[in-house]
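Me: I have a chain open here and want to talk through the fold. Can you take a few quick questions?

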Amino acid sequence: MAFSIAGGGASRPQINVTPLIDVLLTLIVMFMLVVAMDPEYGEKAQIPQPPTDGKSAPQPERTVVIQVVWTAKDQTPTVKINREDVRWEDLETRLEQIYLTRVEKVAFVRGDADLDFQYVAEVIDVAHHAGVDRIGLLTQDRMVEGE
């Protein structure tokens, strides 16, 4: 009867996996290259071309500033959207036209110092009805790019 002191017994054959891992990594790299070269998976980009006449269309102003301008005592003030005169009756429809295609629905309201706040509040209310989500109030010393 023979006893093994190391407890390992007879040695068995073992598989060396290092060359198998090398082959596996090489195959992965090859598959990645083949897939990357396939035109079906490529990104298709459409790059905007400059106009042929050399003149570009003017960009619409991003910032919308609604001004309430004091005219005279006991008279209704005038309303301007980015320096464009707008009648009080047409204010809501004009704002709806402006914000129809915009994702960012933000407007700024500026009122003259001599103006009653009720007119500014009315402009804010009309703007909310037209679909403007956020409205900021501007002070006299603050200028915005839309002005």
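Me: Which residue in strand 5 is the bridge partner of R110?

Reply: The partner is L138. Bear in mind that this is a predicted model.

Me: In which sense do strand 4 and strand 5 pair, parallel or antiparallel, and over how many bridges?

Reply: The pairing is parallel, with five bridges between strand 4, residues 106-111, and strand 5, residues 134-138.

Me: Step back a bit. How many helices and strands are there in the chain?

Reply: There are three helices and five strands. Read from the N terminus, the order of elements is α-β-β-β-α-β-α-β.

Me: And what share of the residues count as buried?

Reply: Of 147 residues in the chain, 23% are buried. As for contacts between residues at least 6 apart in sequence, 63% of them join residues at least 24 apart.

Me: Which residues have the most contacts inside the largest nonpolar core?

Reply: They are I66, I81, L91, L95, Y99 and V123, in a core of 22 residues.

Me: Which elements each supply at least two residues of this core?

Reply: Strand 1 (65-69), strand 2 (78-81), helix 2, strand 4 and helix 3 do. Helix 3 gives the largest share, six residues.

Me: Take L95. What is it in contact with, leaving aside neighbours within four places in sequence?

Reply: L95 is in contact with I66, I81, A127 and A130.

Me: What about Y99, which residue lies over its face?

Reply: R102 does, at 5.7 Å from the ring centre of Y99.

Me: Aromatics next. How many aromatic pairs does the count come to?

Reply: The count is one aromatic pair. It is formed by W88 and Y119, whose ring centres are 6.3 Å apart.

Me: Why is the pair of W88 and Y119 tilted?

Reply: The planes of W88 and Y119 are at 50°, so the pair counts as tilted. The cut-offs are under 30 degrees for stacked and over 60 for edge-to-face, and the rest is tilted.

Me: Which parts does the pair tie together?

Reply: W88 is in the loop between strand 3 (84-86) and helix 2 (91-99), while Y119 is in helix 3, so the parts tied together are 31 residues apart in sequence.

Me: Is W88 buried or exposed? And Y119, buried or exposed?

Reply: W88 is buried because its relative accessible area is 19% and the cut-off for buried is under 20%. Y119 is also buried, with 18% relative accessibility.

Me: Now backbone angles. Where does N82 lie, and what about R83?

Reply: N82 lies in the loop between strand 2 and strand 3, and R83 lies in that loop too. Phi of N82 is near 50°, and phi of R83 is near 70°. Both values are positive, in residues other than glycine. Most residues other than glycine have a negative phi.

Me: Is R83 buried or exposed?

Reply: R83 is exposed, with a relative accessible area of 57%.

Me: Last one, T139. Where is its place?

Reply: T139 is in the segment after strand 5. T139 is partly exposed, at 47% relative accessible area.

Me: How many residues apart in sequence are T139 and A113, and what is the gap in space?

Reply: They are 26 residues apart in sequence and 9.1 Å apart in space, C-alpha to C-alpha.

Note on methods
Residues are numbered from 1 along each chain as its sequence is written. This is a predicted model: local features need pLDDT of at least 70, side-chain atom pairs count only at pLDDT 80 or more; totals for chains, interfaces and linings use all residues. Side-chain values use heavy atoms; hydrogens and water are left out. Two strands pair if DSSP finds at least two bridges between them. Helices (H or I, at least four residues) and strands (E, at least two) are DSSP runs, numbered from the N terminus. Rings of Phe, Tyr and Trp (its six-membered ring) pair if their centres lie within 6.5 Å; planes under 30 degrees apart count as stacked, over 60 as edge-to-face and the rest as tilted. Buried means under 20% relative accessible area, exposed over 50%, partly exposed in between (1.4 Å probe, protein chains only). A charge sits over a ring if NZ of Lys or CZ of Arg is within 6 Å of the ring centre and within 35 degrees of the ring normal. A nonpolar core is a set of buried Ala, Val, Leu, Ile, Met, Phe, Trp, Tyr and Cys residues joined through side-chain atoms within 4.5 Å. Contact means heavy atoms within 4.5 Å.
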